[in-house]
Amino acid sequence: MDLKLRKVRVMVKKGSEYCIFCGVQVFKDGEYVSFPETFTAYQFLQAGDKACGRCAGMFRDPKFRRNCWLVKVSVFTVLLSPLSALFELPEPPFLLYFTRQKRKHGWILAVQNPVLSLDKFILVVDEDKILFEHKKFEEFLAFSRDLLNRGVPKGVLLGGMPNPSSLRKYGLSWPEAVRLRDLQREPLWRVCVDFERRS
Ligand SMILES: [Zn+2]
């Protein structure tokens with residue numbers, strides 16, 4: 001047993017039998033999880049000292065950190081085209097996780113925030129929880145694709161108000177520039193641009 005594991009177990013209240021990742025009751029079937037030194041996402045853990053079988057498996061298997069994925073009724077699917085996947089989601093409930101950095105433990109937030117409605121849900125991207133609203137997503141994606149098709153680089157899409165030389169260079173209208181300024185603070189806008197394959 002390594003030191004980190006010992007530390008976690010000491011913090012635990014006696015008799016708490018809930019999965020430290022998703023919070024489901026595990027009774028006596030839970031598994032102890034040993035945390036490597038590289039694990040820093042303790043703030044995402046819930047009170048308890050064991051994990052349910054599903055989460056213990058997810059913790060051990062790096063595919064849940066390295067991919068964008070969907071899990072429905074324990075069927076794991078890698079999302080090679082995450083933005084398209086958002087148009088083809090199955091009936092809830094299911095788990096959904098997006099990653100750019102491919103190393104963080106945001107999947108823990110994904111198991112804590114299952115998708116229960118397709119119109120509005122918490123989309124977990126790395127370690128951020130983003131409010132996904134389908135209508136907003138469609139509008140943002142249409143705007144982002146229009147600009148990318150016109151040759152506007154992603155950096156300009158995410159940079160807020162474009163400078164005058166960008167406006168001229170990419171033929172951006174004033175309303176488009178103002179919209180880019182307003183979208184800079186929209187996490188869902190960043191998702192639409194970041195997960196687009198074109199660079
Ligand atoms: Zn669990």
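What follows is a dialogue on reading a predicted model.

Biologist: What share of the contacts join residues at least 24 apart?

Modeller: The count takes contacts between residues at least 6 apart in sequence, and 54% of those join residues at least 24 apart.

Biologist: In what order do the strands of the sheet lie?

Modeller: Read a sheet by strand order and by pairing. Here 5 strands form an open sheet in the order β2-β1-β3-β4-β5, with mixed pairing. The edges are β2 and β5 (128-133), each of which pairs on one side only. Neighbouring strands of the sheet are turned by 25° against each other on average, with direction ignored.

Biologist: Which strands does β1 pair with?

Modeller: Take the partners in turn. Strand β1 (residues 69-72) pairs with strand β2 (residues 75-78) in the antiparallel sense, over 4 bridges. Across that pair, Val-71 stands opposite Phe-76 in β2. Strand β1 is also joined to strand β3 (residues 95-98), by 3 bridges, and these two run antiparallel. In that pair Leu-70 faces Leu-96 in β3.

Biologist: How many bridges join β4 to β5?

Modeller: There are 6 bridges between β4 and β5, and the two strands run antiparallel. One of the bridge pairs is Lys-120 with Glu-133, the latter in β5. A helix also packs on the sheet: α10 touches β4 (120-125) and β5, and its direction makes about 90° with that of β5.

Biologist: Which residue in the turn of the β4 and β5 hairpin has a positive phi?

Modeller: That hairpin has 2 residues between its strands, and Asp-126 in the turn has a positive phi of about 50°. Asp-126 is a residue other than glycine. With 17 other C-beta atoms within 10 Å, Asp-126 is partly exposed.

Biologist: How do I read a helix, and which residues of α6 are buried?

Modeller: Helix α6 (residues 134-149) has 16 residues and reaches 22 Å from its first C-alpha to its last, close to the 22 Å expected at 1.5 Å a residue. Phe-140, Leu-141, Ser-144 and Leu-147 are buried in α6. Seen down the axis of α6, its buried residues fall within an arc of 130°, so they line one face of the helix.

Biologist: What covers that face, and which residues are on the other side?

Modeller: The cover over the buried residues of α6 includes α4 (82-85), α7 (154-158) and α10 (187-194). On the other side of α6, Lys-135, Ala-142, Asp-146 and Asn-149 are exposed. Past the helix comes Gly-151, with a positive phi near 90°.

Biologist: Where in the chain is there a cis peptide bond?

Modeller: Omega is the angle to check. The bond from Pro-92 to Pro-93 is cis, with omega near 5°. Pro-93 is placed in the loop between α4 and β3.

Biologist: How far apart are Leu-80 and Trp-69 in sequence and in space?

Modeller: Compare the two separations. Leu-80 and Trp-69 are 11 residues apart in sequence and 8.4 Å apart in space, C-alpha to C-alpha. Leu-80 lies in the loop between β2 and α4.

Key: Residues numbered from 1 in each chain as written. Predicted model: local features only at pLDDT ≥ 70, side-chain atom pairs only at ≥ 80, totals over all residues. Pairing = 2+ DSSP bridges. Expected span 1.5 Å × (residues − 1). Buried ≥ 20, exposed ≤ 12 C-beta atoms within 10 Å, placed from the backbone. Arc of directions from axis to C-beta. Contact = placed C-beta atoms within 7 Å. Axes fitted to C-alpha atoms, helices over the stretch in contact; angles between N-to-C directions.
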